[in-house]
Structures are given as C-alpha cells and as structure tokens.
Amino acid sequence: MVDLVPGLLICLTAVQALQYDGHRNKTRTRTKINSSVVEPKTFKGRTDQLNHTYQLYYPSTDPELDVSPEDPVAAFTNGVLSTWVIPLSYILAMLVGIPSNAYILAFLRLRAKSLSTVVLYLNLALSDLLLLLSLTLRVHYHFNRNNWIFGEISCRLITALFYGNIYCSAQTIACISMRRYLAVVRPFLYRRLAKTPLAVWTCFVVWFLFVAAIVPELLVRQSYHITQLGVTSCHDVLPLEEKSHSPLVPYRLMLVFTGFIVPFLICIFAHVSVVYHLGQSRCDWKPFIRVSTLVFIIFVVCFLPSGVLHIAHYVRLFLYGDDRLYGYYRVAVCLCCFHSCLDPFLCVLISKTAASDLQFISLHGAPQRPTVRV
C-alpha cells in the first residue's frame, strides 16, 4: 500500500494537469475569437500545477512560455535550418572573418594624410570582429537544439552585440560610401573638410547609435523556458504581448529603419552618383567602377534579404499575430555575417583598385602601395 501512494499522487496530478490544460485551451480559443489581434505567444508563470509537472521532466530556473505544438517555433527549434544550416554558416563566417578582421586591425598602417580613411576602415573591422565573436555561443545554442545554457545575462549581451553590430557595420559602410561620394563627385568640398576630425566624430555617432540600439535589448528578459519543447530559448521566443516586451515591436521596426533602410539608401545614392560621375570622365575608370559595383552588389545581397524579412516579420506579427517569417529571417541574417567576413577583402580590393590612402603592411613587412590615386 505504501508503494501505491506515490503512484496515486502522480495519477491525480496528471488528471488535474489535463483538466487544467483543457480549460486553458478553451479559454485561449475564446480569447482569440473575441480579440481583434491574435496573440502570437503567451507568457505563463511557473506557479501553477501544470508547469510543476513539466518541471519534473524539464527542470529550469527560467520563466516559462507556453507555445502550441503547431506553432512555427516548434518546427524552427527542431528543424534542419536551425540546428545545422545556421550554426555551420556561423562557423564558416567565423573561420574566415575573425582572422581577416584581426589582420586588418593589427597590420593596417597609415600615412599622415590618410588617417580619416583608416579610422573608418578600422571602425568597420572592429564592428565586424565583435559581430563574429558574438557567434561563438550562438553556435553552441543552435547545435544544442536551440537550448541556451549560459544564463540570462550572457543571452542579453550576446543578443545585443549580435544585432547591434549588424547595423553598426551597415552604418559604417554607408559612411565610407558617402566619403567616396564626396571625394569623387564633390572634390572641392571634400578638400575643405577637416577629414580626420569628421571621421572620428562619424565613428563616435555610429557607436552612440550602437549603444542606443542595444540598451532596450539589455533591459528586457531574453531567455525563457519553452515547456512543450523542453528547451530554454534565447531571444527567439518572447512574450511580445506583455507590457515589458510590447515596445520591442515598434522599437525594432525603428531600428531597421535607422540601421538598414537609411544606410541602404545612402549606399545606393553614393554608388550611382560615383559611377555616373566617373562614366562622364575622360579617364578610364572601368576597373574601379567594376570593383565598386561588385562591392555594392555584395552589400545588397547580404543585407537586403534580412532587412526586408525583418520588416515583413514584424509587420505581420503586429497586424495578424503571424510569426512564420521569423525562421526565414534568421537564415537571412547569416548573409549579414558573411558580409562581415568579406569586408577585409573588399577593403584591400578597393584600396588597390581605387587608390585610397591606405597602406597595407604584409606579414613579411613589405608595403603594398596603391598605384593610382583618386
């Protein structure tokens, strides 16, 4: 008889949990029918009996979220894209990007008059390096079936560095494009500018925007235990209908505007203007035009899909409660990481073709000087 007591208690607990689950599903269905906006995800506390039952199998100290088995987050968490394609892409970007960006930071030297150019390229290399370094824990997270084991503080920090440096890189590229536009299309104005102080202040503004962009991500909780999946999600599943997280939707739309749309429009304007102006010149600028066009195409291919999907995801989430685009957006973000590992090679290519004021010092100590000057 003593041995039967624990079994009876477990059966009663299970029956009570099932009854509560049926009542909860009915309540949720009525709420969705009566509400004009469907809540995409629902935050649930850990004090009820159901969550206690789940904790017997999936112990976690994180607050819990409740998702439906039919929710796209279930397919994303266990899918091949999330557990293999994304982390393998991150590893490839890290293997190429971390050494190349570290090389740029360590061996990029300058002559006195080229300080403004070097400041911008060093700023870009630093931003790309921070972005790639933030991928290390995310690789483990995806290989571990999207289960975050490093705690809430590290989740907030990695999320802030990841998204903040993506937009920081795009803004720095826009500043470099605008500098090239001034040097080619407005040379008299460019010569009158205090280029080095302007470059320093430009980098200061970019990093100020970076800090302003990551603060909201640092203030709200990013990791939640998904009871039905038995994993702790980092940033991927958030209770956006809660007061603490509801401002994130308009905030991220504004972040996409300032961090992607504005730099993208600046790059389009600068590239078209430079190519048109050089096309009208009597000199043969075809090699530079080809290289500049290649750099611009790579920028578009890497940043445009993630920007468009980010906007579309939050618009659909805000209007219809539909979050099915989020998985595709996370795949598109991998392209941004590849741009970070390609930036050093593009800088070298531009410097040799366009004749910027950069001087790259090889590992053997022999300077590789550009042969033509703009």
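**Cavities and helix packing**

Reader: Which helix gives the most to the lining of the largest cavity?

Author: H12, with 5 residues. Helices are DSSP runs (H or I, at least four residues), numbered from the N terminus. A cavity is a set of 1 Å grid points, over the protein atoms alone, where a 1.4 Å probe fits but cannot get out; lining residues have an atom within 4 Å of a point.

Reader: Where do the coordinates come from?

Author: This is a predicted model, with local features needing pLDDT of at least 70 and side-chain atom pairs counted only at pLDDT 80 or more, while totals for chains, interfaces and linings use all residues. Residues are numbered from 1 along each chain as its sequence is written, and side-chain values use heavy atoms, without hydrogens or water.

Reader: How many cavities are there of 30 Å³ or more?

Author: The search covers the whole structure and finds 6. Volume here is the space filled by probe spheres set on the points, which are joined across faces, edges and corners.

Reader: What's the lining like by class?

Author: The largest cavity has 13 nonpolar, 4 polar and 2 charged lining residues. Nonpolar is Ala, Val, Leu, Ile, Met, Phe, Trp, Tyr, Cys and Pro; charged is Asp, Glu, Lys and Arg; the others, Gly among them, are polar.

Reader: And what is the volume of the second largest cavity?

Author: About 90 Å³. The second largest cavity is lined by 13 residues, and closest to its centre are Ile-166, Tyr-167, Ser-306, Gly-307 and Cys-336.

Reader: Which helix gives the most to that second largest cavity?

Author: H11, with 4 residues. H7, H10, H11 and H12 each supply at least two. By class, the lining of the second largest cavity has 9 nonpolar, 4 polar and no charged residues.

Reader: New topic, packing. At what angle do H5 and H7 pack?

Author: H5 (residues 115-133) and H7 (residues 152-185) pack at about 160°, axes 8 Å apart. So H5 is roughly antiparallel to H7. Axes are lines fitted to C-alpha atoms over the stretch in contact, and angles run from 0 to 180 degrees between N-to-C directions. Over 145 degrees counts as roughly antiparallel, under 35 as roughly parallel, 65 to 115 as roughly perpendicular and the rest as oblique.

Reader: Which residues make the contact?

Author: Contact means heavy atoms within 4.5 Å. Leu-120, Leu-124 and Asp-128 are among those from H5, and H7 brings residues including Ile-166, Thr-172, Ile-173 and Arg-180. By class, the H5 and H7 contact has 11 nonpolar, 7 polar and 3 charged residues.

Reader: What about H6 and H7?

Author: H6 (residues 135-143) packs on H7 at about 115°, axes 10 Å apart. H6 is therefore roughly perpendicular to H7. Leu-135, Leu-137 and Arg-138 of H6 meet Ile-158, Thr-159 and Phe-162 of H7. That contact divides into 4 nonpolar, 1 polar and 1 charged.

Reader: Last pair. How far apart are the axes of H10 and H11?

Author: 10 Å, at an angle of about 155°. H10 and H11 are therefore roughly antiparallel. Their contact has 21 nonpolar, 6 polar and 1 charged residues.

Definitions and conventions:
1 Å grid on protein atoms, 1.4 Å probe; cavity = no way out; pocket = protein on both sides within 12 Å on 5 of 7 lines; lining within 4 Å.
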